[in-house]
Each structure stands twice: as structure tokens, then as C-alpha cells.
Amino acid sequence: MPLDAKIPSGPLAQKWDKHRFDLKLVNPANKRRFDILVVGSGLAGASAAATLAELGYKVKCFCFQDSPRRAHSIAAQGGINAAKNYPNDGDSIYRLFYDTIKGGDYRAREANVYRLAQVSNNIMDQCVAQGVPFAREYGGFLANRSFGGAQVSRTFYARGQTGQQLLLGAYQALSRQVGLGAVKMYSRTEMLDVVVVDGHAKGIIVRDLVTGEISAHAGDAVVLATGGYGNVFFLSTNAKGSNATAIWRAYKKGAYLANPCYTQIHPTCIPVSGDHQSKLTLMSESLRNDGRVWVPKRKEDCGKAASAIPEDARDYYLERKYPSFGNLAPRDISSRAAKEACDAGRGVGPGGRGVYLDFADAIQRLGEDVIRARYGNLFDMYEKITGENAYQNPMRIYPAVHYTMGGTWVDYNLMSTIPGLFVIGEANFSDHGANRLGASALMQGLADGYFVLPYTIGNYFATAKAPKPSTSHAEFKKALGDTDALMKRLLSIKGKRTATSLHRELGKLLWEKCGMARNDAGLKEALKRIPELREEFWSNLMVPGENGELNQALEYAWRVADFMELAELLCVDALHRRESCGGHFREEFQTSEGEAQRDDENFSYVAAWEYKGQGNAPALHKEPLVYDEVHMSTRSYK
Amino acid sequence: MNLTLKVWRQKHSQVPGHFETHEARGVSEDMSFLEMLDVVNESIIEQGKDPIAFDSDCREGICGMCSLVINGVPHGGHRGTATCQLHMRHFKDGDTITIEPWRAKAFPVIRDLVTNRSAFDRIIQAGGFVSVSTGGAPDGNALPVPKEAADRSMDAAACIGCGACVAVCKNASAMLFVAAKVSHLNLLPQGKPEKDRRALAMVKQMDAEGFGNCTVTGSCEAVCPKEISLNFIAKLNRDYGVAALKGK
């Protein structure tokens, strides 16, 4: 099947308008006849479920947490971008588009990114109207701040809890629809399979996490808004429950998975403190507005207290290497620079895996109160975790897995290669290329849910004319049977190792071989060891208890089972992409200055992988990336 | 350090629960409280026994999923700290720690330390929103919001909906939660048109869920991981009173 992204013709700036007109509509009175299953209740899922219900569709929404308000979008700290140009500093839709394309290292679709920049302004207006308490200036107008990868101030924020406030806005809109009876909400419910009938996604299999009941839901379309797969690395800034089961099951049912090797390592996280570590905590990128990153110039100084290292013995390496962006260099570049400094033996803190993020200058310039007002909650969080006071001593930070740009391949309509299966938010691959800029994830999740999917899904209903089957259809019975068999298999192994220990081992392997820097030999080794580890998982796993009850060990093992498979595809993709771009850094492909070296001639495409059955190599499909507007250049933040 | 844990175990809400003793050995002070429980659970699973069920997700103090009563105090009693951010450096070798679920009629136990807090969702569904559908919103700067109002609204909106306020209250009252949500929206011009009906509807749902009355003892504010102020309860009482007098 040729990979058709269905990008509308015409000039870039008019594509979305033209497309909206070309899309077929569903008569308002007919909308109530369509059932939509939305999986996930983060920014993308909640905004989509609410908006679709407002339009008149019948919506069921599923989340594994105890409330839709807890989805991991809530943890986003810094802000959301919009091309409002309120500060009058030269921003525009085109500049936001350009920055995002460039930040993504020329591996994203022009048309998608332009649309994202266009609707960014609508998102802000919508969120303000919902009562999101954005930061304001004294005149009552919205405040902005700067973020990595941009030279304008276009980031809107609600203290250090922007994700929380935007998610509560979407959750409120969703709750309103639940109250009106337009959305039926299923909390503590995990999706375990997609049901495909006559080539169209027509349902899902879910497990009630409290009772263990496995059941089927039929619909006219399925929307996955289930987030990224960062937890394949075991340690990441994702929530403990974040998992890839939904997109992985979709992959195995025929939805191509695109660019899985594009994983974002965030430069500012609290370093690992020991083997007990269950997750990593991000310190918002916004801190880099006022914090200065440095390490000692000489290895011998690394053991000293920061205050004992004089100014001229410090290496403010981001400012030195990237004078025009300085501490606001994009995430991939900042992360690699930190790794480089630590690899050279100049890291600080336990194990030498840390760099300083220092606020002394900002405190001296602005006063402690201003810094407290801007970042107080982040400083508090840092102190709770590390026991150190960052007003007095510099923070110690280190890069950690944060976001996955890769995900289910979708066309311009956000539909996967399975008709009727739409994938939105972080779960899809669409807008960030090989590296996502700060404050763009919230923007994309809400763009997809509020302003893109509600238009495009109607076109599918109006044109596909694929009737909704009943759950007694043979495909539903088969999917139920397969899911039940998998559950029984997980429970019956009764080996010696916990899912946590196997997951931790997998994560460590991936972090070492397919983390911030990758090479041919390391990836080949990982590809040899992952199947061995998977074999051990299926022969030596211990899941206590039964199915008919709240069984957190079973839930978790199920997620790890899918990570064990996804990890392999991640390495296959990383091995095949013989270039460095954005978050994918191949050591063999770098400039003499150690910067990522793209190979546009051979790799300017989206790598979409098709499942070919157990034990078979996945098939690669290429979607060429065509740049009509933007000239592909080497990214420079110097 | 080595610790003794007395943990509430309860298979489900229909059977009585009991305390079970577990030893936590070699606990590092850099562990979070939940990581300490993870380590204990690892050894329980290795023995093929049922691990201690507890809720958590983001583990950075913002999702509101974690919910333990530690030594009698929800979230363990460190100001502005949720259980997931409580670190073991606050305990010492040889300590005995009691761990219980949230205790409130409106939050029935699902298993061990996991409770059902869906009552909070239903309170929001009753009126904790601005009735604006997607599309057609005016420009974000069309309606100036005084900085003080935005800041106070944000103070209230910081609530993570964990339910510690209910768990600590002798009456299992949800007033701090409801007050935070009502205030967040009622303080903003965007929330003004529905100010009265919001206060009435959310309080009505709160009562229907079986939460107790507020006698303003202030223990909710003391344990709130986001330090939501008791002043918002005063504001809720005022908003409710005004709405009731208007006969809406």
C-alpha cells in the first residue's frame, strides 16, 4: 500500500482552510448516530472527547487512572506556545512554523506543522475562555516567557503548572459533557486491543482494572490518545502508568509505527540517586531562562563544593558553544552537551552524572523574591527530592528520557493506516520531526483534540460508510479470546523475576545502547539481547494473584510485555537511520565539532514500519518529506 | 535504615481489613516513600504473594493519584508534600510506620490502600466548569483579568484533587476541595456568569455523595499538599449564601 499522507494541494498557508472546505460534513442530526471510542484522557483525549460530544457525537472515553484529571499531561510545567505576537517581538504564524520545523531538524511535515502554528492562537483563546488562570501582567493582559529553540517570547504559562491547568480546562469541558450524558467515562479501564472489521477499526477490548472483567466496545471510529512510549526506557519523566500498549496493539493490527527512534532526552532533570529509582523528575526548561548551566573546567574541581569553584574555573559550556542561543539551546543539543561534559569526566554529584544549573547571577540581578515568584514550586520540588536548597547552591541536573516524537503513523487527517483508527497527541508521530521544542507538546495535544480531529473524523464518517458491527461479530470474539489467553499466560508463568526487574534491565540496555548516543555495534548488541530478555520474560516472570480483582502486578506485567517488543522496533529503526538528526544521534555521523550530521539525500523521509507477524522482520515504508517552503539547512544555534 | 511497616490490607470493600506487618530493610534516605514500598513489594512478589496495592502515577506531586495515611496523617504530614514526594530522609532507622488508606464513607476502599474517589469527578460534573464549547472564543486578551484575580484563582486551581482534605477531616468533609474548584472559576471574569449556579450545584452534589459538614477546624489546610487556603472555604460559603439568597 502506498503511503499517502493526503496533504492538500495549494499554497502552504491555505492548505488547512482549503481542506476544511473540502472535508465532507455530517448533518448535525446524524451525528448522534455515530459512536466514537476515545482512549486516553490527557490533553489530546479529553479535548477530543469533549469537542466531539459538543458536536453531537456519542462518545465513550477510557482511562486507566482513577480519574481523567490525572493523565500525565498534568505534569507538563513550563508552558504552551502560541503565535500571538502579544509582546510585539517579531513572532508570527510563519515564525512558529519555521522554528518548529527547524527545531525538529527537518524531519516533520511542513503542512502539519503549519496547521499547528495556525491553530495555536485558537487554543490560547479557547483555554482562556475555559477559565485557565494564565499568568497575567498588571494591566490584566496575558504574560509571556521565552523557551528553548526560539528567540521570541511566545510561551504562555500558569506558574510552573501549565500542563495541570490546561488539562483541568480540558477535563472540565469533558466533565461538562459527562454531566450532560454526552460522554460516558470509563476510569480505571485499560485498552488491550483494537478490533478491526472488514479493514476498519470498529472497536476495542478493555479490561476493568478493578474487577478484571475483559469486555468489548464497538464504535464507528476509534481514537487513540494514549501518549508516548518513553517508559520503554524504564526510567523516564513519564508517569508510572504511562504505557505503549494501545499503540503497540494497533501496530500489530496493521497501523504503521513511524520513526520510533526519535526519542527526546530532556536536558534538565534531577539526576538518578540509586537503583531504587522508579522515575525521574523534570525541572522545567523555563528554568533555563534565568539559570546558567556549567561544569568545572578542570576534572580536579568536580569534587569541590560549587561555591569553592571561582568564576574563571567554570565552563558555561552552552554559552560558550552556542553564543546566540546560550542556555536556551534546543533540548537535544543541550542534552548532548551535558553528556559530553560528563563523559569528559567533568560531571558533578554522585557518579559524576550531573551538571550545574545556577541561579546565583539571576538572584543577584533580580532578587530572590522574583526568582521565587517565577519558579518557586520548582525549587520546592527540587528540595523535596534532593534535600538541597537551590537558592543557595546550584541545582544539579542531568538529561532523562522525556518525550517520544515517534508514534503511530497518521496522515494529514490524523488517521492511521487502519481506516477509522485516529491517533492524536504524543501517541502519533506527526508534528515534531526528530526533536520537539519546549512548550509544543501541550500545543499539539490540544490542536489535535480541539481543532483538527473534530473536523477530519466527520469526513471519515461521511465518506467511509462502514457500518458499526455488533460486539457479537466474530472479530470481537477472536480479540476477546486472544486477550483472555494473554492474561492467562501472564498469570501462569509463575517464575522467579518480577516485571519491574525485567523492565529495569530492558531500560538500562536501551539507555546504554539506544539513548542519547547510538552506534552500529551497540544497536546490534541491543537487538541480540532484547529477544533474549523477552524470552526470559515469558519463561521466568512472576505475576502473583488472579485476574478477577485489582491486580497491579498483572497490569504492569502486561505493559512490560509490550515494551519488550517495542524496544526491538526502536532499535531496528535507530540502526536503519544511518544519519544523526534531532534526538537521534548516531556517533558515526557527526561533524568535526560533534554536532549531528543529517543525510538529507538518503534519509529525508518518515520511516513507517509495518508489522509482519511474530518472528518476521517489520517492513519499512517511506513517506518522502518534501520541503516547498523551508530550505533545509544545517541547524545552527551558534 | 531498617523499618517496620504496619500496612492496612483489605481484599475488597465487602470484607473486613486488618494490619499486616512487613519489614523494610536497607532503605536509603534518597528513596521516596513510594519507592520504599516498591522495594517491599518486589520481595513480596518474589515470594509469590499479593503485593500491597496503592495508587500512584506521576510521582512528582501533581496528578493527585497517591493517597496514603502515614502515621495517622494523610501524605505523612510534611507541609506542601504529597506522599510521592515524601522522602525517607524524614524517617530514622528502627521506626515503625503505620500506613492506611484514605478513610471516608464517600471514598470506599477498593483494595488495601486504594480507594474510590470518583465522587470528586461527579462534583466537577455538576458544575465545576465554564460552559463554553470549542470554537468561537474571543481573543485571549479581549477580557483583561486583574493580576491579583488571576493569581488568587491560580492559588485555588492548584488543587490536585487527591482527597487528603477529606481523609484528615473528622467529618470527612470535602469543603476544601469544592471551595478550591468553585473559587478557581468564580474569581475569574470567565466564570462569573455561572457563579451562583456553580456554587449551588457543586455543594448539592457534595452533600449527595455523603461527605460530612465543615466545622472549620482547618486540618484540611494543614495536610493539603498544595497548601490550599482555608480562606477559600469562607469564599465558598459567601458565594453559596449569595446564590441561595438570590433563590437560584
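This is a predicted model: local features need pLDDT of at least 70, side-chain atom pairs count only at pLDDT 80 or more; totals for chains, interfaces and linings use all residues.

Reader: How many residues of domain 2 of chain A are in contact with domain 3 of chain A?

Author: Six residues of domain 2 of chain A are in contact with six of domain 3 of chain A. On the domain 2 side, helix α9 (residues 331-343) of chain A brings the largest share, five residues. By type, that side has one nonpolar, one polar and four charged residues.

Reader: And what about chain A as a whole? How do I judge its overall form?

Author: One way is to compare its radius of gyration with a rule for globules. A compact globule of 638 residues would come out near 26 Å, and chain A has 24 Å, which agrees. Its C-alpha trace spans about 75 × 60 × 50 Å along the principal axes. Inside, you can look for 17 helices and 19 strands.

Reader: How much of chain A is buried?

Author: Buried residues account for 60% of the 638 in chain A. Also check how far along the sequence the partners in a contact sit. Of the contacts in chain A between residues at least 6 apart in sequence, 74% join residues at least 24 apart.

Reader: Now the two chains. Which elements of chain A give two or more residues to the side that touches chain B?

Author: Start with the totals: the contact takes 68 residues from chain A and 69 residues from chain B. On the chain A side, the elements giving two or more residues are α3 (43-55), α5 (110-130), α6 (162-179), α11 (368-386) and α16 (552-576). Of these, α6(A) gives the most, with nine residues. The residues of that side split into 24 nonpolar, 27 polar and 17 charged.

Reader: Can you show me a helix of chain B too?

Author: Let's take a general idea before the case. An α-helix has 3.6 residues a turn, so residues three or four places apart point the same way. Now find helix α3 (residues 147-157) of chain B, where the buried residues are B:Ala150, B:Arg152, B:Ser153, B:Met154, B:Asp155, B:Ala156 and B:Ala157.

Reader: What do the buried residues of α3(B) pack against?

Author: They pack against α6 of chain A, along with α5 (175-186) and α8 (231-245) of chain B.

Terms used
Residues are numbered from 1 along each chain as its sequence is written. Chains are lettered from A and ligands numbered from 1 in the order in which they are written. Two residues are in contact if their C-beta atoms, placed from the backbone, lie within 7 Å. Helices (H or I, at least four residues) and strands (E, at least two) are DSSP runs, numbered from the N terminus. Ala, Val, Leu, Ile, Met, Phe, Trp, Tyr, Cys and Pro count as nonpolar, Asp, Glu, Lys and Arg as charged, and the others, Gly among them, as polar. A residue is buried if 20 or more other C-beta atoms lie within 10 Å of its own, exposed if 12 or fewer, and partly exposed in between; C-beta atoms are placed from the backbone. The radius of gyration is taken over C-alpha atoms; the globule rule is 2.2 Å times the number of residues to the power 0.38.
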